[in-house]
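Thanks for coming. I will take one structure today and go through it piece by piece.

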Amino acid sequence: MNTLFDKIWDAHVVQHVDGGPDQLYVDRLYCHEVTSPQAFDGLRARSLRPLRPERIFCMPDHNTPTHDQDKPIADSVSKAQVDALSRNAAEFGLTHFGMMDPRNGIIHVVGPERGLSLPGMTIVCGDSHTSTHGAMGAVAFGIGTSEVEMVLASQCILQPKPRTMRIRIEGTPGPCVTAKDLALYLMQQLTTSGATGYFVEYAGSAVRGLSMEGRLTLCNLSIEMGARGGMVAPDEVTFAYLKDKEYAPKGADWDRALAFWRTLHSGDDAVFDKEYCFDAADIAPMITYGTNPGMGMPVDGAIPPEASPKALQYMDFQPGERLLGKPVDYVFLGACTNGRIEDFRGFAALVKGRRKAAGVTAWLVPGSWEVYRQIVAEGIDQILAGAGFELRQPGCSACLAMNDDKIPSGKYCVSTSNRNFEGRQGPGARTLLASPLVAAAAAVTGVITDPRTL
Amino acid sequence: MKRKLDIIESTCVPLPLENVDTDQIIPARFLKSTTRDERFFGENLFRDWRYRADGTPEPSFVLNDPRFGGEILLAGRNFGSGSSREHAAWALAGYGFKAVISSFFADIHKNNELNSFVLPVVVSEDFLAELFATVQADPATRVRIDVEAQTVTSLTTGRCEHFELNAYKKYCLLNALDDIDYLVLQQDKIESFEKSRQHAL
């Protein structure tokens, strides 16, 4: 009651369906190439057109190669899917940021950085990490392809209203503790189903203290606790980030929007269905040892004795084992979780003056061309090159290995992405989720290393 | 695909694992198809558990166990966590499943099953454990799901539980209607909502 989530949700209810879900109006639909083609086919089969094409933005990101994007995609199946999105967008009059468009990148990086995801909005996409956009102070959640078709056809979605949860993190995080570590800690505490059925509002001084990039990382990982979405009330950090963004309101519209956005916060009397409070001082740089994102621990910790035997067998780890000093084969910096400028700044600051370890293959993939340009403008590319790292072109890349960036079977990858499921980064690949700083420490030492000791 | 679901009575395939994520149900490399060919997705259901790297069936996986078969999948708690890919629900439908019984489903996947006309049935942990035990002891055990009555019954033990299903969605399943059929009829309400909004973004 009177939570930020309730305020936004309730303001978008077109009607309560008799004996059923809410019909919710959607302000923004994003489409990528993987989960949309069947929805567009469905429209054609029903002879429908998108009801509000101006609210819909399309871009390929999952299949895009991270090199030679100016050339045709070599994998013909990937190419067919990327081409289908381009054709569908043209046929139905939707805005499309295609490959090599300077605005292209991972949807969950592009939406906020172009000012398309705004406070107070409802935002959906056929992608579970749509929760990311909640960091802007929006109700944003992932949906299936049938639901994409619903929104295309009616700009609405039928959804049961989730319950509300507030997670407060108070205090100041210690050295090398990033938004990613806060999220991995929450998942370890709550498990991967601990927030299922809930929509989470993150609050508390440690959350307030996060940059916009950090908040996007935190909200991105809400789904990994099972939550429909996560959000942070908009504040001066949000407004400063949005000011002058391409699609953000301008002039008098900006002033009006700002006045509205300042009302978007939970009331002092807000009642949540569930509340948690954590102390930031308890949180260390984290790493996962298992096959779901809830199987995490401090990077200098030991695998719990009760850890899932199936997970440990897949990872070839033992209960009670410490991971510090374990050799690493691959390092992946990027994804909608950690592919933003702040992540590259952090990684670069740690590898500056050091060299990439000989045995490590490192893939550094900016989340968008905008991030890529920022990296170059700040000279970060030179720092990375000086340390033996090469910058790739933007896309989802090794997070789910739908392009060529696959981790070979049995190899260990310290990855800044969001999922360590079996085979996620390629059949047989072994993923250790961590922050850009833990990834950087592994990249320059060749072994799992606590970044606080470098 | 839209189909009428009213009575599902079948033997069950037991998969007593918890936190089965949608990357396991259908790995990402099979998501490149641009068509909704449920048979293709069904052939690759649980691909990396079902087949070895060389393409031969993994005999220890339940879908390759000739003792088990049927239209109902029994799954451990938190089934369908992770990615929002509806292809996971299409794969279940394409393989021939009409219902999944578990004690807990991940939200997005649960909606995807309903929208793909695969019925997610939530039962108590206790009943789920009993179903696993009876099906494993006797693979011929039959389970009956009655959508209208919202009941699931073990025909071996006679135990019956009520399951949740909202009245709207029940109507859809019983009549092979989907949400898009409903929403396109609501255009007047959508337009009047747009006109009356205080803060249109």
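I start with A:S47, which sits in the loop between α2 (37-45) and β4 (56-58) of chain A. Please keep in mind that this is a predicted model. A:S47 is not a glycine, yet its phi is positive, about 55 degrees. Is A:S47 buried or exposed? A:S47 is exposed, because 6 other C-beta atoms lie within 10 Å, and the cut-off for exposed is 12 or fewer.

There is another such case in chain A. A:A335, also not a glycine, has a positive phi of about 80 degrees. A:A335 belongs to helix α12 (residues 335-338) of chain A. A:A335 has 27 other C-beta atoms within 10 Å, so A:A335 counts as buried; the threshold there is 20 or more.

Next, the chain as a whole. Chain A contains 16 helices and 18 strands. Its C-alpha atoms fill a box of roughly 55 × 55 × 45 Å along the principal axes. A compact globule of 454 residues would have a radius of gyration near 22 Å, and chain A has 21 Å, so the value agrees with that expectation. Of the 454 residues of chain A, 60% count as buried. As for contacts in chain A with a separation of 6 or more, 74% are between residues 24 or more positions apart.

Now to some strands. Which strands pair with β9(A)? One is β10 (residues 198-203) of chain A, which runs parallel to β9 (residues 163-170) over six bridges. Within that pairing, A:R166 has A:E201 as its bridge partner in β10(A). Between β9(A) and β10(A) the chain passes through helix α6 (residues 179-190) of chain A, and this β-α-β crossover is right-handed. Another partner of β9(A) is β12 (residues 274-279) of chain A, also parallel, and also joined by six bridges.

Last, the interface. How many residues of chain B are in contact with chain A? The count is 44 residues of chain B, against 58 residues of chain A. On the chain B side, α1 (22-25), α5 (107-115), α7 (167-175), α8 (179-183) and α9 (187-196) each supply at least two residues. The largest share comes from α5(B), with five residues. By class, the side of chain B that touches chain A has 15 nonpolar, 16 polar and 13 charged residues.

That is the end of my part.

How values were computed
Residues numbered from 1 in each chain as written. Chains lettered and ligands numbered in written order. Predicted model: local features only at pLDDT ≥ 70, side-chain atom pairs only at ≥ 80, totals over all residues. Contact = placed C-beta atoms within 7 Å. Helix = DSSP H or I, 4+ residues; strand = E, 2+ residues; numbered from the N terminus. Nonpolar A, V, L, I, M, F, W, Y, C, P; charged D, E, K, R; others polar. Pairing = 2+ DSSP bridges. Right-handed = clockwise from strand over helix to strand, strands pointing away. Rg over C-alpha atoms; globule rule 2.2 N^0.38 Å.
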